[in-house]
Amino acid sequence: MDSLSLPRPGCCKWAEGDAGNYTFPCSNRVEAGVSYCEEHSSIVYIPPEERRRSRSGGAPMTFRRAA
Ligand SMILES: [Zn+2]
């Protein structure tokens, strides 16, 4: 458990969990000075608005019925 409670040097620092109880489930290698792997950096740098929109309940794309 302890091995997951700190980011590993040279590995992605993507964190999951609540404040004070993070885990770092991603073990992808990253370049020195880079915090996140490609996959996670693409998530991290999404503007908050974008993120909120895509997270709203996981509802399918707008459904429009031809009435
Ligand atoms: Zn990652």
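A residue is termed buried if 20 or more other C-beta atoms lie within 10 Å of its own, exposed if 12 or fewer do, and partly exposed in between, with C-beta atoms placed from the backbone. The model toured here is predicted: local features need pLDDT of at least 70, side-chain atom pairs count only at pLDDT 80 or more, and totals for chains, interfaces and linings use all residues. Residues are numbered from 1 along each chain as its sequence is written.

**The whole chain.** Display the protein chain, which contains two helices and two strands; these are DSSP runs numbered from the N terminus (helices H or I, at least four residues; strands E, at least two). Along the sequence, their pattern is β-β-α-α. Of the 67 residues in the protein chain, 4% are buried. Two residues are in contact if their C-beta atoms, placed from the backbone, lie within 7 Å. Of the contacts between residues at least 6 apart in sequence, 11% join residues at least 24 apart.

**L6.** Next, select L6, in the segment before β1 (16–18). L6 counts as exposed because its C-beta neighbours inside 10 Å number 11.

**R29.** Move on to R29, located in the loop between β2 (21–23) and α1 (38–44). R29 has 10 other C-beta atoms within 10 Å and is therefore exposed. Beyond its neighbours within four places in sequence, R29 is in contact with G10 and C11. Finally, select R8, which is 21 residues from R29 in sequence, with a C-alpha to C-alpha distance of 9.5 Å.
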